[in-house]
Amino acid sequence: MALSIESIVLHERAEIMELPVEAISQGERIGFFWPEKAAALGALMARDGQSQPILVHAVRGGQWRLVAGLHRLEGARTAGLATIRAIEVSGSAAELRLIEASENMHRRDFGPIEKAMFIRALADVYEGQVSAQHEGLTQQQIAIRARWETDRNKVQLRDETKAELEAEHTAATIAAVYGWQPQVAQALGTAPRTLRDYLFIHRTIIAPFGDLAEALARTPLGGQRKAVMEIGAIASQAQRRNVIELIIKDIAVQSVAQAKIWAGVKDGPQRNVTQGQSKYMDNAGSNLDRLTPAAWKQFAPRLAQAIKPSALREVRDAIDARLAALDAKEGGHG
């Protein structure tokens, strides 16, 4: 029997339970955890109550495993709530993964990297249904699948070409579940071109850089689909990694184009060594200017401890020079 979201998730008809928060474990998740989001949800639930139940499935010993609602669950923990409202769902591992991905597909607060993870998870579930047979596929869909199986692992194919093939194959696969091709985009809640973009992001960012994907997603550029697509379009995987690492580490990077120049991927005016730190120095100087003489005396020990060991001599020399200039000025007035 083919999987369908409608046949598995029937929230409106399900019984809502009140479960101990400590009886629910996270399990393996598809997306990322955002502590600030969980804290905000927890505070809201503590104040106004929980409006949307989480989804869980039963495991042994009166324990439960989370299916969907990570931030609500962890928000309840943060807020010190003893119980949380939940709905029990059941099914195979693939069905539970389908539920988790489907629950999160339409949320507006997900960035492109995280959304690509949910779309890829859905595609994997659908693909698993027809991995061993062609039943229900048209001749055109069978041809698309055959092309995919032949070309998917060709090293010489560009990532963008692979993503196009992957999008074609995913569409054909989901068509076997939902009826026919025009319904595929609606099933995923996205346009065909958008589907292709997210599969491209998964192939070029998430799959090769699993160690960096989450950190990139937490940057301003990582939250922009156009910027993430631009990163994914860098042909060299090594250069792509360099650009991603630079965006993660350097807050001064304002665009992917700038990151590509600074990382040596693209010709352009190279960054002055101090350019990336100039904003911090300006902010520090502005804050220090606000201190009163009494506050300066109180802050002096902390300032001395904050100075990097490699810069202590330079700071000492600068202070000595300033003191000597002040002494000379006072002596001249004497």
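**Figure 1. Overall view of the predicted model.** The accessible surface of the protein chain comes to about 19,300 Å², and carbon and sulfur atoms account for 52% of this surface. The chain has 334 residues, of which 40% count as buried. Its secondary structure comprises 16 helices and five strands. Among contacts between residues at least 6 apart in sequence, 70% join residues at least 24 apart.

**Figure 2. The largest nonpolar core.** This core has 43 residues, and those with the most contacts inside it are Ile113, Ile201, Ile205 and Ile247. At least two core residues come from each of helices H4 (93–105), H5 (112–129), H7 (159–178), H9 (192–206), H10 (213–217), H11 (225–232), H12 (237–249) and H13 (256–262). Another core, of 15 residues, lies apart from it and includes Met17, Leu19, Val21 and Trp64.

**Figure 3. The surroundings of Ile201.** When residues up to four places away in sequence are not counted, Ile201 touches Pro112, Ile113, Ala116, Ile206, Arg225, Val228 and Met229. Of these partners, Ile113 is also among the residues with the most contacts inside the largest nonpolar core.

**Figure 4. Helix H3 and its cover.** Helix H3 (residues 70–78) is largely enclosed by the rest of the structure, because seven of its nine residues are buried. The buried residues are Leu70, His71, Arg72, Leu73, Glu74, Gly75 and Ala76. Their cover includes helix H2 (35–48) together with strands E2 (24–25), E3 (54–58), E4 (64–68) and E5 (83–88). Just after H3, Gly80 adopts a positive phi of about 75°.

Notes:
Residues are numbered from 1 along each chain as its sequence is written. This is a predicted model: local features need pLDDT of at least 70, side-chain atom pairs count only at pLDDT 80 or more; totals for chains, interfaces and linings use all residues. Side-chain values use heavy atoms; hydrogens and water are left out. A nonpolar core is a set of buried Ala, Val, Leu, Ile, Met, Phe, Trp, Tyr and Cys residues joined through side-chain atoms within 4.5 Å. Buried means under 20% relative accessible area, exposed over 50%, partly exposed in between (1.4 Å probe, protein chains only). Helices (H or I, at least four residues) and strands (E, at least two) are DSSP runs, numbered from the N terminus. Contact means heavy atoms within 4.5 Å. Accessible areas come from the Shrake-Rupley method with a 1.4 Å probe; for residues, only the protein chains shown count as cover.
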